[in-house]
Amino acid sequence: MAVNDTKLAAVADAENPAVVCGNVDDSESSIDFAGRANWLRAAVLGANDGLVSTASLMLGVSAVKPDARAMVVSGFAGLLAGACSMAIGEYVSVCSQQDVEIAELDQAGKRGGDEEKALPSPAQAAAASALAFSVGALLPLLAAGFIVGYNLRVAVVVVVATLALAAFGCVGAVLGRAPVARSCARVVVGGLAAMAVTFGFMRLFRASGV
């Protein structure tokens with residue numbers, strides 16, 4: 001009897017390996033982790049966009065008009081415009097993705113089930129994108145808002161933006177399982193290049209008296 005019971009147990013294990021070994025729970029936890037990592041990485045990228053675009057805009061305006069108020073107001077306008085643009089773009093993108101996935105569920109006859117409930121929310125994606133962009137854009141704004149001197153204000157914006165870019169690059173590398181040093185270098189060099197190009201190009205308008 002003991003031998004027969006052992007054989008039956010072995011057959012049951014072979015027929016239902018996921019139930020015995022707990023593979024379902026492990027796969028579900030790995031899927032949940034991957035989903036969270038993707039959301040976090042998207043948030044980091046959104047914050048990076050907000051930081052680079054706002055800092056570049058502020059430096060570009062300061063290259064033409066070295067006035068603290070003009071620099072801060074332009075940065076705040078860039079924050080609002082960028083956050084709205086990111087939110088609208090993300091909402092439209094997720095809505096389009098959702099329409100495609102719902103059409104696939106209709107063809108498979110799975111409409112109204114758990115698969116449809118698991119679809120991404122356009123409103124949630126839009127809010128997350130706008131919030132991430134705003135967080136990144138606030139850093140250069142706060143850095144420049146309390147400094148009167150022009151040269152010091154520009155230097156502080158560049159330094160704060162560089163440090164924040166390095167931090168964003170590090171977080172993005174960890175989430176994406178990429179080399180940290182290379183990822184940080186790419187992010188920092190790219191951001192500094194964007195700020196330098198904007199500042200240098202707008203400086204031409206000041207030199208020409210436009």
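Q: Why are α4 and α6 called roughly antiparallel to each other?
A: In this predicted model, the axes of helix α4 (residues 68-108) and α6 cross at roughly 160° and come within 8 Å. Angles over 145 degrees count as roughly antiparallel, under 35 as roughly parallel, 65 to 115 as roughly perpendicular and the rest as oblique, so α4 and α6 are roughly antiparallel. Axes here are lines fitted to C-alpha atoms, for helices over the stretch in contact, with angles from 0 to 180 degrees between N-to-C directions.

Q: What makes up the contact of α4 with α6, by residue class?
A: The residues divide into 19 nonpolar, 6 polar and 1 charged. Ala, Val, Leu, Ile, Met, Phe, Trp, Tyr, Cys and Pro count as nonpolar, Asp, Glu, Lys and Arg as charged, and the others, Gly among them, as polar.

Q: How do α6 and α7 lie relative to each other, and why?
A: The axes of helix α6 (residues 122-144) and helix α7 (residues 150-176) come within 9 Å and cross at roughly 150°. That makes α6 and α7 roughly antiparallel too, because of the angle.

Q: Which residues make the contact between α6 and α7?
A: From α6 come Leu139, Pro140, Ala143 and Ala144, and from α7 come Arg153, Val156, Val157, Val160, Ala164 and Phe168. Contact means heavy atoms within 4.5 Å. These residues divide into 9 nonpolar, no polar and 1 charged.

Q: What makes the aromatic pair of Phe201 and Phe205 edge-to-face?
A: The ring centres of Phe201 and Phe205 are 5.7 Å apart, with 70° between the planes. Rings of Phe, Tyr and Trp (its six-membered ring) pair if their centres lie within 6.5 Å, and planes over 60 degrees apart count as edge-to-face, under 30 as stacked and the rest as tilted. Phe201 and Phe205 are 4 residues apart in helix α8 (residues 180-208), so about one helical turn separates them.

Q: Where does UniProt place the "transmembrane region" feature?
A: The unreviewed UniProt entry gives residues 125-148, 154-175 and 187-205; such annotations may be inferred rather than shown by experiment. Residues 187-205 are 100% helix and 0% strand, with end C-alpha atoms 28 Å apart.

Technical notes. Residues numbered from 1 in each chain as written. Predicted model: local features only at pLDDT ≥ 70, side-chain atom pairs only at ≥ 80, totals over all residues. Heavy atoms only, no water. Helix = DSSP H or I, 4+ residues; strand = E, 2+ residues; numbered from the N terminus.
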